Amino acid sequence: MTDVAAIETEALSKRYGRHRGIEDLSFEVRPGEVFGFLGPNGAGKTTTIRTLLDLIHPTSGSARIFGLDSRRDSVAIRARIGNLPGDFGFGRETPGGEAVRLLSRLRGIDGSARAAELAQRFRADLDRPLGQLSRGNRQKIGLILATFHRPELLILDEPTGGLDPLMQEEFLALIAEERERGAAVFLSSHELDEVQRVCDRVAIIRDGRLVAVERIDDLLGKARRRFTVELRDPAGLERLRSIPGVAELEIAGSRATFTAGGDLDSVVRELAGHHVVDLEATRPSLEQVFLGYYDEDEAG
Amino acid sequence: MSAQVRALVATHLYDRRRSVLAWGLPLGLMSAFIVAIFPSVEESLSKAIQGYPQGLKEAFGIGELSNVEQYLHAEMLSLIVPLAMGYLAVRAVASGLTGAAESGRLDVLLSAPLSRARVVAAGFLATAIELAEVLLVTGFLCGLGSLLAGAGLDAGRAAEGFADVWPLALLFAGFGAIAAGFSLRTSVVTGSVAGLLVAMYVIDLVGRLDTSLSGLRYFSVFKYYGNAIEDGIEPVAFLGVTLAACALAALGAWLFERRDLAA
């Protein structure tokens with residue numbers, strides 16, 4: 001492993017004629033980092049991944065993987081990465097084991113032992129044709145094909161789609177092991193809970209543009225907290241409206257709920273002037289933060 | 001040949017193993033039937049042929065039907081086998097490119113350190129082998145039919161007749177590779193190249209029927225597809241069409257390298 005960024009994009013853009021794909025994406029994924037890539041369907045996640053893999057060519061900008069140009073050096077790059085496409089398929093009649101053998105030959109390695117080990121771990125059937133497997137069991141084969149050669153960078157597009165909760169846990173354990181080994185992981189997902197559990201940083205993409213690239217803790221730390229407070233004298237609750245940063249204030253009798261972001265000192269000082277019967281502050285989940293970015297967009 | 005191309009060719013041939021029998025059996029059995037009935041229809045055919053217009057006989061390459069080789073050429077090798085094999089060729093090459101893209105296999109293959117040009121080269125090579133296998137099965141069954149019926153088919157000449165179809169069919173695999181450089185939809189690739197195959201046959205036919213339009217025949221590969229079962233393989237045409245097929249495949253690989261493999 002090296003100190004060179006696993007992925008580095010600079011103003012990466014892709015347009016399909018008049019249609020937007022991705023615009024001006026600039027971000028970096030470091031070796032040994034698990035990087036979550038979040039966005040709803042059509043936001044540009046898969047376009048980004050396909051551009052990194054040189055399956056589609058950028059309209060402008062550049063992407064470098066381990067310092068290599070994603071277009072010019074794509075073959076050399078792919079020797080060092082593992083990829084699980086969003087809609088994994090390999091032909092209905094091919095058994096997983098056959099796919100492993102072919103990929104091993106294309107990579108010039110003998111990956112049979114590692115593939116068997118992963119198959120046992122994920123309870124995957126390498127002998128049955130993929131067309132006879134359920135979506136979740138096909139996805140396990142896809143995960144094996146993406147990881148059996150111990151790549152330095154894993155690019156995973158919706159990796160846990162169809163996996164049962166036990167296998168999702170096993171997948172998260174595998175990702176943690178890959179990070180321990182020093183591999184970088186680029187994880188595109190809708191499963192915000194798993195992203196929150198396993199990722200070091202996340203990027204949020206909206207309409208083809210990055211709207212945030214943050215450490216998860218920082219993202220959550222910056223997010224607005226929700227407060228529920230009960231005062232002995234309800235009259236004091238109205239004073240909360242005048243505090244900068246307080247929003248969504250709703251008062252019911254002696255209880256009030258509101259959200260507050262940024263510096264909370266003024267909120268605490270205001271409440272300290274009253275007799276507080278009860279106080280509860282909750283941090284939003286990543287899902288709420290994520291949805292917040294989209295609510296802002298819809299609000300204009 | 002690189003280990004990667006060998007691996008892809010072997011996989012392609014394994015995946016399409018059934019097509020060798022699916023195409024070779026009907027074509028072979030039909031050819032066997034044609035040669036097997038020749039002794040019983042020889043006399044009546046000769047009389048019938050004498051009444052055919054000269055232009056029609058030239059157009060369909062049936063100058064005379066005085067031996068089983070001429071009959072096999074007229075019934076199978078002048079139309080059915082070349083068209084069927086040309087269509088099989090584009091189907092086979094498309095399965096390795098557009099078919100792989102549609103099934104998602106191409107995305108997985110291209111996760112490995114493999115150039116797209118090698119994927120095209122492997123698809124083309126595998127198609128060349130598959131065509132040879134189908135022609136071998138067809139020729140073998142035809143020879144067997146002759147042997148069982150005592151039709152007296154000359155094995156060497158028949159082999160040349162069937163072998164001469166190979167470069168012609170391969171040319172359409174080359175066109176298929178080019179079409180895949182423009183579209184990743186199997187139906188578009190097979191449809192457009194099958195249309196080209198039929199158009200070329202019709203152009204050649206029209207050129208042969210009307211001498212004033214004979215110049216059109218240069219736009220059809222069928223001009224270079226003779227009557228090998230009677231005249232032997234024309235080496236220059238055989239090699240020339242084979243090289244043209246390879247050149248088309250190389251152009252297809254170049255286009256395939258440059259196109260987006262969109263989801």
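Before you click anything, keep in mind that this is a predicted model.

**Stop 1: two helices in chain B.** Select H8(B), residues 116-149, and H10(B), residues 165-180. Their axes come within 10 Å and cross at roughly 150°. That makes the two helices, H8(B) and H10(B), roughly antiparallel, because angles over 145 degrees count that way. Turn the view to look at how they cross: the crossing of H8(B) and H10(B) is right-handed.

Now show the side chains where they meet. On H8(B), pick B:Val120, B:Phe124, B:Thr127, B:Ala128, B:Leu131, B:Ala132 and B:Leu135. Facing them from H10(B) are B:Val165, B:Trp166, B:Ala169, B:Leu170, B:Ala173 and B:Ala177.

**Stop 2: a pair in chain A.** Next, select H4(A), residues 112-122, and H5(A), residues 135-147. These axes also come within 10 Å, crossing at roughly 145°, and the crossing of H4(A) and H5(A) is right-handed. Which residues make the contact? From H4(A) come A:Ala115, A:Leu118, A:Ala119 and A:Phe122, and from H5(A) come A:Lys140, A:Leu143, A:Ile144 and A:Thr147. By class, the contact of H4(A) with H5(A) has six nonpolar residues, one polar and one charged.

**Stop 3: where the chains touch.** Show both chains: 21 residues of chain B are in contact with 25 residues of chain A. On the chain B side, select H1(B), residues 3-15, and H7(B), residues 105-109, which each supply at least two residues. H1(B) gives the most, with five residues. Color the chain B side by class to see eleven nonpolar, six polar and four charged residues.

How values were computed. Residues numbered from 1 in each chain as written. Chains lettered and ligands numbered in written order. Predicted model: local features only at pLDDT ≥ 70, side-chain atom pairs only at ≥ 80, totals over all residues. Axes fitted to C-alpha atoms, helices over the stretch in contact; angles between N-to-C directions. Helix = DSSP H or I, 4+ residues; strand = E, 2+ residues; numbered from the N terminus. Parallel < 35°, antiparallel > 145°, perpendicular 65-115°, else oblique. Left-handed = near helix turned anticlockwise from the far one by under 90°. Contact = placed C-beta atoms within 7 Å. Nonpolar A, V, L, I, M, F, W, Y, C, P; charged D, E, K, R; others polar.
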